Amino acid sequence: MRVKLDNGKTYDIGAMFKPTKVARGEAWGFFRGNLSAWPKGLMIPVESKTTFSGLFKWLLVFPLHTLSLLMLLPLWIFGYSTYAYSFFTKADGEKLEDYRSSLKKVYEDLSDIEDQYEFKKRLKEEIAKIKPY
């Protein structure tokens, strides 16, 4: 179940409680990163224009978010996290970094093409070859 708050952010309630196997170091990083975001979540109704339905949704999401953060600590011991907090892992970050460097190389290789149509066509072909996902 996805809930959209007044500030435009959406939260997947089911994903907050779905365990996912990750490395212990990554699990600890996800816990620390999301724990530091907790005060920002507390301030959502104060910092954004709030409607009655938005306040109700926040009153649903914030306690569940807090509970899921508390759940991360025992999960970390076993090398688990939850899907909501670990959908972008370190391996994904490495793939993205490789993709960026490959894309930079493609732009350098194609920089001598002056025809705009030909450039776009070749760029599209090259990007299709290097896409990580």
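Reader: How many salt bridges does a search of the whole structure find?

Author: Keep in mind that this is a predicted model. Side chains of opposite charge can pair when their charged atoms come close. Searching the whole structure for salt bridges turns up three.

Reader: Which residue meets arginine 2 in a salt bridge?

Author: Arginine 2 sits in strand β1, and its partner sits in strand β2, so the pair ties together parts that are 10 residues apart in sequence. The N to O distance is 3.6 Å, and the partner is aspartate 12.

Reader: What separates lysine 105 and aspartate 109 in helix α6?

Author: These two form a salt bridge, with their closest N and O atoms 3.3 Å apart. Both belong to helix α6, which covers residues 90-110. They are four residues apart there, so the separation is about one helical turn.

Reader: Is lysine 129 buried or exposed?

Author: Lysine 129 pairs with glutamate 126 in a salt bridge at 3.3 Å, N to O. Exposed means over 50% relative accessible area. Lysine 129 has 63%, so that makes it exposed.

Reader: Where do the buried residues of α1 fall, seen down its axis?

Author: The buried residues in α1 are Glu26, Ala27, Phe30, Phe31 and Asn34. Seen down the axis of α1, they fall within an arc of 140 degrees, so they line one face of the helix. On the other side, Gly25, Arg32 and Ser36 are exposed. So the place you asked about is one face of α1, within an arc of 140 degrees.

Conventions: Residues numbered from 1 in each chain as written. Predicted model: local features only at pLDDT ≥ 70, side-chain atom pairs only at ≥ 80, totals over all residues. Heavy atoms only, no water. Buried < 20%, exposed > 50% of the residue type's maximum accessible area, 1.4 Å probe, protein only. Helix = DSSP H or I, 4+ residues; strand = E, 2+ residues; numbered from the N terminus. Arc of directions from axis to C-beta. Salt bridge = Lys/Arg side-chain N within 4 Å of Asp/Glu carboxyl O.
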